[in-house]
Amino acid sequence: MSKVKNGRQMDSDWIKKNLQGSITDEQLLEEIRTAIRRKRVDSVAAKIDNTGKLTYYQLDNDGKVMLDKITNSPIIYNINKE
């Protein structure tokens with residue numbers, strides 16, 4: 001993700017700073033914050049290629065695409081369409 005004026009987009013600090021302005025339901029906001037603290041939430045980036053294929057990449061706390069330690073390939077989320 002790219003750098004923006006308040007940090008790297010999609011890093012953990014950026015997410016925390018932007019939650020408050022994005023979610024108006026206080027109960028939902030607290031549930032999300034709790035899930036983040038308990039590490040029950042992953043950061044994911046979606047990419048659509050020129051054929052329309054949608055791929056989801058897992059991000060680390062710095063907002064960078066995580067790489068598999070063995071293959072050094074990006075970690076891709078397998079999200080099935082229904």
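Two strands are said to pair if DSSP finds at least two bridges between them. The exercises below apply this idea, and others, to a predicted model.

**Exercise 1. Partners across the strands**

Task: Find the bridge partner of Lys47 in strand 4, the residue in strand 5 that stands opposite Tyr57, and the residue that takes a positive phi in the hairpin of strand 3 and strand 4.

Solution: First, going from Lys47 across to strand 4, the bridge partner is Thr55. Second, going from Tyr57 across to strand 5, the residue that stands opposite is Ile76. Third, the hairpin of strand 3 and strand 4 has five residues between the strands, and in this hairpin Gly52 takes a positive phi near 95°.

**Exercise 2. The salt bridge**

Task: Identify the residue with which Glu30 forms a salt bridge, and decide whether Glu30 is buried, partly exposed or exposed.

Solution: A search of the whole structure finds one salt bridge. Glu30 forms this contact with Arg37, and the closest N and O atoms are 3.2 Å apart, which can be checked against the limit of 4 Å for a salt bridge. For the accessibility, recall that buried means under 20%, exposed over 50%, and partly exposed in between. Glu30, at 37% relative accessibility, therefore counts as partly exposed, whereas Arg37, at 56%, counts as exposed.

**Exercise 3. The largest pocket**

Task: Describe the volume of the largest pocket and the residues that line the pocket.

Solution: Start with the volume, which is about 390 Å³. The lining has 17 residues, and the closest to the centre of the pocket are Ser12, Ile36, Val41, Ser43 and Asn61. The elements that give two or more residues to this lining are helix 1 (12–22), helix 2 (26–37) and strand 4 (54–59), and the largest share, four residues, comes from helix 1. Sorted by class, the lining has eight nonpolar, four polar and five charged residues.

Notes
Residues are numbered from 1 along each chain as its sequence is written. This is a predicted model: local features need pLDDT of at least 70, side-chain atom pairs count only at pLDDT 80 or more; totals for chains, interfaces and linings use all residues. Side-chain values use heavy atoms; hydrogens and water are left out. On a 1 Å grid over the protein atoms alone, a cavity is a set of points where a 1.4 Å probe fits but cannot get out, and a pocket is an open set with protein on both sides within 12 Å along at least five of seven lines; lining residues have an atom within 4 Å of a point. Grid points are joined across faces, edges and corners, and a volume is the space filled by probe spheres set on the points. Ala, Val, Leu, Ile, Met, Phe, Trp, Tyr, Cys and Pro count as nonpolar, Asp, Glu, Lys and Arg as charged, and the others, Gly among them, as polar. A salt bridge is a side-chain nitrogen of Lys or Arg within 4 Å of a carboxyl oxygen of Asp or Glu. Buried means under 20% relative accessible area, exposed over 50%, partly exposed in between (1.4 Å probe, protein chains only).
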